[in-house]
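This briefing sets out the secondary structure, sheets, helix packing and selected backbone features of the structure shown below.

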Amino acid sequence: MIADTGGGPADVPAGDGSEPLLRLRGVSKNFGPVRALSDVDLDVPAGQVTALAGDNGAGKSVLIKCISGIHAPDGGQMWWDGRPVHVRTPRDAAALGIATVYQDLALCDNLDIVQNMFLGRERVHGISLNEESMETSAKETLASLRVTTVRSIRQPVASLSGGQRQSVAIAKAVLWNSKLVIMDEPTAALGVAQTGMVLELVRRLADQGYAVLVVSHNMNDVFDVADRIAVLHLGRMVAVRPVAQLDRQIVVDLMTTGASTRSAPGEGARE
Amino acid sequence: MAKVDEPAAAPEVEPAEGSQVDAAIPAELVSHSVGEYLHASWARIKGGETGVLPVVGGLLLVSILFQALNSHFLTAGNLVNLLVQAAVFSLLAMGEVFALLLGEIDLSIGFVSGLGGVVMAELAKPTVGWPWWAAIAIALLMTAAIGVLQGTLITRIGLPSFVVTLAGLLFWQGVMLKILGDGGSILIQSSIINDIAGGNLSRVAGWVVMLVIVGLFAAFTWRRDARRRDAGLVAPPPPLTLAKIVGVLAFGVAIVLLCNADRGILEPVYGVPWVVLLVFGVLALWTFVLGRTRYGRYVYAIGGNAEAARRAGVNLARIRTIAFMLTSFTAGIAGVVYASRLQSISTALDGGTLVLYAVAAAVIGGTSLFGGRGKPLHGVLGGIVIAAIDNGMGLLGFSAASKYMVTALVLLAAVTIDALARRNRPAGT
C-alpha cells in the first residue's frame, strides 16, 4: 500500500498516532526442540536508535536474522510501514529497505571504497562500468554521513582503520535507499576513538530519519547512542523502554535474570 | 541529540597509518600537477605498492647483463625474436592470471594449449582440409569447453582446482598423445596459420596500426580524465594526461622502429610480427574485461573476499566457471601460436614446463598467488622476462639445465621482492 505519511494511523494495529517503521508481534523461532525466540514483540521507529541488548544466547542474532530474511520465523507477524509483510529471503528484506551490517562487515580488502559500496550493484554504461557515476554517488553518501576521515574514496579498504571500515560498511548499507539499518555489534573490535566515531555515525543515521537497530552488549555504547533499549532474555523480550527509564544496572539485571526490582531514574514517566 | 553533534569527527588516532594511506591511493588521484604525481608515485613505491616496477627493473637488469656478455642480445633481430618467443609464455600467463585472481590455480593449461594446437593442426591438414579459420575456431571452442568442464567440477562439486587441473594435466596430455599417435607430429601447411607467428606486417602497416592504437588509447584516456574533471572528481591534470599519452606514443614508435629495422640474414626481414599484435590484442581485451566490466569486478571481489561477494548477490559458481573457461581459452590461443611458430606440432610439446612457466611468469609480473591482486599485463611482462632468460642464455650457449635453474632463481627473486615490499603494504592488498 502507499505509505500514508499524513500522520494518521493506517488500517492495521492502531498505534499512538505514529506508526513505527517496523513492528513485530509474537515472533517465534524454533531450531528443532530449541526455542530460540518466543512471542517477541518489538517496534523499531524511524529516526530513532533502538538498541537490542541481551546476554549470549538470548536470541539477538536470531532476531535480526529473522528481520533480515536469513531465518524464516515460525510464528508471528511483521508490519512494515503499517503493512503486513513476509520476509523470507535477504532479497525480500533488501527490497523493503532493510540493510544489515554484520560483524565481519563483508568488505573486499583488495577493492577500493567505491567498488565495495557498489559491489553487486554496479552501474554500467553498456558493458563497461560507469565509474564516474558510482564515485559521485559514493562521495555524496559519505559526505551526507560526514564520513570525512578517509583520504580518498579510491583507496583500498585494506588501508582503512577499523572504524573507517565500519563506516564504509554502514555507508554501503544506506546507499540503497534503505530505511532500516541493522548493525550487529558495530563497535566490538574497535578502540576508544574509533568507537566514538562509529557511534556518532549511528546517531547521525537516526537523526537523518533512518530507523536504526543496533545489537550490542556493551552498556556504554548502548547508553551513549540509543533512544530505546530492548532487552532479550532466553528468547523472550523482557523490556522495551525509552533510555530515560533505564539505567545500566537495570539493563544488566534484565539481561541476566529477565527482571529487575530496582526503580528506574525516570520512573513514573511511562509512555 | 546534542551529545553527538560535535562538528569535528574524532580524529583517527593511528600514528602509523599516514604513510600507508598515501601508498594505497593511486598516485593520479591525489595529485594536481606532474610534480605531485611523481612525488605521490614515489610514496606509493616506498609504501610497497610497487606495481610493475620490479619486473620492468628486472627486465632492464637482465638486458644489461646479457648485453654485456653477448653484444648480439640487444640487436633488433634478437629483440623481435624475443618478443615472438615470449608470445606463448605471455598468452599462457595471461590465462593463468584469471585462475590466480580467484585464488585458484590451473595446472592443465600447458597440455590444454598443446591439445588446442594439435586439434587445429589435425583439422587443417590437407587430408582433412578444413579452412584455417575453422580449424582455429574449433580448437579454441574445444579449449574453452575444457575450461568449462574443469571449472564446473571445481565450482559445482567443490573439488580443489589444484587436483582437478592436475588430473587435467595428465588427461589432456594423454588425449594429445593419442591424437598424435605413432607418427608423433603433424606438419602445418597452411601459410596463414604459419604466418600468425612467422609473418610480419608491412612497414607502412606497422606505423598505421600503431598510430591507430595509440590514437584510440589517447582518445579513451583523454575522454575519461575529462569526464572525471567534469564530474568534479579528483582527476589527473591535463598535462599529466598528455604526458601519459606521449609516453605511450614514444613506446609505440620505439616498438615499430625496432620491428621495422631489417633483421634478415640472407634476405631482408622486417615489420611488426603478427603475433606481437595478437598478444597486444588479447592483453587489451582481458585488461578491459578485468578492469572495466562487472565480470572483472566480481573476479577481483571473489579473490578478495568470496563471502562478501556472495552476500552482494554475486553468482560465485558462474563467475568462477567462466574464469576457468577464459583461462583455457587463452591457453588455446597460446597453443595456436605455439604450433604456428614451429610450423608443426609434435609429442615433444612439454606442457608441464609450459604451465610452470606460465605460473612463474604471472608471479614474476606481480600477480599474487593468493587471489585478488594481479593484471593481464603482469603475465605479458613476466612472459617477456622468462623468454629473455631463455633467449639470452641460449645466446651464451648454456644448456636447458642452466636455463631452468636461472629461471627458478628469478622466480624466487620476484616473490622475495614482492614479499619484502608487502611488509610495507597494508594487509590483504
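This is a predicted model: local features need pLDDT of at least 70, side-chain atom pairs count only at pLDDT 80 or more; totals for chains, interfaces and linings use all residues.

Glu185(A) counts as partly exposed, having 18 C-beta neighbours inside 10 Å. The residue belongs to the loop that links β9 (180–184) and α6 (192–207) of chain A, and its phi is near 45 degrees, a positive value in a residue other than glycine.

**Residues with positive phi in chain A**

- Most residues other than glycine have a negative phi.
- Asp81(A) has a positive phi near 60 degrees, although it is a residue other than glycine.
- Asp81(A) sits in the loop between β4 (75–80) and β5 (83–85) of chain A.
- Asp81(A) is buried, because 20 other C-beta atoms lie within 10 Å and the cut-off for a buried residue is 20 or more.
- Glu185(A), by contrast, is partly exposed with its 18 neighbours inside 10 Å.
- Leu234(A), in the turn of the hairpin formed by β11(A) and β12(A), has a positive phi of about 45 degrees.

**Overall composition**

- Chain A contains eight helices and 12 strands.
- The radius of gyration of chain A is 19 Å, close to the 18 Å given by the globule rule for 271 residues, so chain A is as compact as a globular protein of that length.
- Along the principal axes, the C-alpha atoms of chain A fill a box of roughly 60 × 45 × 40 Å.
- Of the 271 residues in chain A, 51% are buried.
- When contacts in chain A between residues at least 6 apart in sequence are considered, 64% join residues at least 24 apart.
- Chain B has 16 helices and two strands.
- Buried residues account for 45% of the 429 residues in chain B.
- In chain B, 77% of the contacts with a separation of 6 or more are between residues 24 or more positions apart.

**Four-stranded sheet of chain A**

- An open sheet of four strands has the order β2-β1-β4-β5 (chain A), with antiparallel pairing.
- The edges are formed by β2 (34–44) and β5 of chain A, each of which pairs on one side only.
- On average, neighbouring strands of this sheet are turned by 30 degrees against each other, direction ignored.
- Strand β1 (residues 22–31) of chain A runs antiparallel to β4(A), and five bridges join the two.
- Within this pair, Leu22(A) stands opposite Trp80(A) in β4(A).
- Helix α1 (residues 60–67) of chain A lies across β1 and β2 of chain A and runs at about 65 degrees to β2(A).

**Six-stranded sheet of chain A**

- A second open sheet is built from six strands in the order β6-β9-β10-β3-β11-β12 (chain A), and its pairing is mixed.
- β6 (98–101) and β12 of chain A are the edge strands with a single partner each, so one side of each has no neighbour in the sheet.
- The twist from one strand to the next averages 15 degrees.
- Strand β3 (residues 49–54) of chain A pairs with β11(A) in the parallel sense over five bridges, and Gly54(A) stands opposite Leu232(A) in β11(A).
- α6(A) packs on this sheet and touches β3, β9 and β10 (211–215) of chain A, its direction making about 150 degrees with that of β10(A).
- Helix α5 (residues 162–174) of chain A lies across β6 and β9 of chain A, at about 165 degrees to β6(A).
- Strands β11 (residues 228–233) and β12 (residues 236–242) of chain A run antiparallel and are joined by six bridges.
- Ile229(A) stands opposite Arg241(A) in β12(A), and two residues lie between the strands of this hairpin.

- Helix α8 (residues 191–198) of chain B has Ile193(B), Ile196(B) and Ala197(B) as its buried residues.
- These residues cover an arc of only 75 degrees around the axis, which means that they are on the same side of α8(B).
- The cover over the buried residues of α8(B) includes α4 (76–101), α5 (109–124), α6 (132–156), α11 (274–292) and α13 (316–342) of chain B.
- The axes of α11(B) and helix α12 (residues 294–311) of chain B cross at roughly 70 degrees and come within 5 Å; α11(B) and α12(B) are therefore roughly perpendicular to each other.
- Their contact involves Val289(B), Leu290(B), Gly291(B) and Arg292(B) of α11(B), together with Tyr295(B), Gly296(B) and Val299(B) of α12(B).

Conventions. Residues are numbered from 1 along each chain as its sequence is written. Chains are lettered from A and ligands numbered from 1 in the order in which they are written. Two strands pair if DSSP finds at least two bridges between them. The radius of gyration is taken over C-alpha atoms; the globule rule is 2.2 Å times the number of residues to the power 0.38. A residue is buried if 20 or more other C-beta atoms lie within 10 Å of its own, exposed if 12 or fewer, and partly exposed in between; C-beta atoms are placed from the backbone. Two residues are in contact if their C-beta atoms, placed from the backbone, lie within 7 Å. Axes are lines fitted to C-alpha atoms, for helices over the stretch in contact, and angles run from 0 to 180 degrees between N-to-C directions. The arc is that of the directions from the helix axis to the C-beta atoms. Angles under 35 degrees count as roughly parallel, over 145 as roughly antiparallel, 65 to 115 as roughly perpendicular and the rest as oblique.
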